[in-house]
There are 2 protein chains.
Amino acid sequence: MDEKYIDALKALSEPNRLRLFWLLLHVDKRMAVAEAMDVIGDTQYNISRNLKMLYRAGLLEHHKKGKWVYYSLKAQCAPHCKALVDSVRHLPKEDFQQVMEHCILRLSLRENGECVLGADSAQWHEKIR
Amino acid sequence: MDEKYIDALKALSEPNRLRLFWLLLHVDKRMAVAEAMDVIGDTQYNISRNLKMLYRAGLLEHHKKGKWVYYSLKAQCAPHCKALVDSVRHLPKEDFQQVMEHCILRLSLRENGECVLGADSAQWHEKIR
DNA sequence: AGCACGTATGCGCAAATGTGCAACTGTGCT
DNA sequence: AGCACAGTTGCACATTTGCGCATACGTGCT
C-alpha cells in the first residue's frame, strides 16, 4: 500500500492543514511561515508543524532564503496523488473566502516579491483592521 | 468547510478502510458484510464499523436484503468528492492483488447473485486453501 | 561577538481514534 | 415460539494525534 498516499490523506483530513494546503494550492506561490501565520491566524508552532506534516506527506516543497523558509506546492507524479490534489483544488471557494482575502493582503506587504515582515507586525494589523 | 469531505479523507486514511473502499470501488458490486470479512480477513465488528464510517462519510450506500446487509458504492455529486474517489480508483492495482483474488473467489460462492454463506464457512476455507 | 528574529522540535497533556469484547437487534427457519 | 445466524452498538483500554510551552537552531544585523 502506498504509504505516502495514506500520509497525504491523513495530513489533509485535519481542517487546519487542509486550509493551509488549499492556500498554497490556490495562491500558487511560495509562502513563508510568518505569512502563513498571519493569513491562517494560527500560532507559530502549529503552522510550522502542519507545514512539515504536509511536506513529509509529499505534498509540499520548501527552501530556505535568508532567514525565511518558503513552502510551495510539490508537483505530483503518481496519478492517484494528482487526483487527490485535484480534489482539494475543486473544493468550493466560498469555504475559504477569508483565507483568500487575508492572503492577498499579506502578499501585498512583500517587497520585490520577497517577504520582509514577520508575523503579527503593526503593518499587518493596519491592513486587517 | 465541507464536513463530509473531511470525514471522507479521515475514513480513507486508515489502511483497512482504504482497502475496504478500494474493494467496493473495483468490484463495482454490492457486497455483504460477511463477504467483506472473508475477503479482507478482518473481524466482524471491525468490518461492520469501518463500513459504517465509510457510509457516514458519504462514500457508500447500504440496503438490507433478508438477513444480509449489502454495501455498495455511492455515486458522488460534488466535484471534489468525485476527484477524491478517483484518486482511490487510480491507486496501483498491485497493492491489492490478494484482496482482488479473494474477492473473485468469494463472489464465486454466491447463488443467483446472492450471498448465501456466512463468514468463515467450510466452503470458503476450501477455496483459499 | 552579541543580539534579534524566523523557524524547528522535544516534552507533557488532553482529546480523538482503533480494537476487542459482550450484549443487543432483526431476520429466516423449524 | 424458539433457535441460529447476520449485523450493530456501547464500553473499556491502548495507541495516536493535536496543542501549548519552552527551548534550541540558524541567519542577518550592528
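Predicted model: local features only at pLDDT ≥ 70, side-chain atom pairs only at ≥ 80, totals over all residues.
Begin by selecting DNA strand D together with the 24 residues around it, among which A:R17, B:A34, B:Q44, B:S48 and B:K52 come nearest.

A polar side-chain atom of B:K52 lies 2.2 Å from a phosphate oxygen, and a polar side-chain atom of B:Y71 lies 2.9 Å from a phosphate oxygen, whereas at B:G118 a backbone N or O atom lies 3.3 Å from one. Now colour the elements that give two or more residues to this surface, which are α2 (15–27) and α4 (44–56) of chain A and α3 (33–41), α4 (44–56) and β3 (68–73) of chain B. The largest share, 5 residues, comes from α4(B), and by class the surface near DNA strand D has 9 nonpolar, 7 polar and 8 charged residues.

Then turn to the two chains, where 23 residues of chain B are in contact with 23 residues of chain A. The area buried between them is about 1,900 Å², and carbon and sulfur atoms give 74% of that area. A search for salt bridges between these chains gives 0, while 4 residue pairs are in polar contact.

Finally, select α1 (3–12), α2 (15–27) and α5 (79–89) of chain B, the elements that give two or more residues to the side touching chain A. Here α5(B) gives the largest share, 7 residues, and this side of chain B has 14 nonpolar, 4 polar and 5 charged residues.

Definitions and conventions: Residues numbered from 1 in each chain as written. Chains lettered and ligands numbered in written order. Heavy atoms only, no water. Near = heavy atom within 4 Å. Polar contact = N/O pair within 3.5 Å; in protein donor to acceptor, adjacent residues only side chain to side chain. Helix = DSSP H or I, 4+ residues; strand = E, 2+ residues; numbered from the N terminus. Nonpolar A, V, L, I, M, F, W, Y, C, P; charged D, E, K, R; others polar. Contact = heavy atoms within 4.5 Å. Buried area = accessible area lost by both parts, 1.4 Å probe. Salt bridge = Lys/Arg side-chain N within 4 Å of Asp/Glu carboxyl O.
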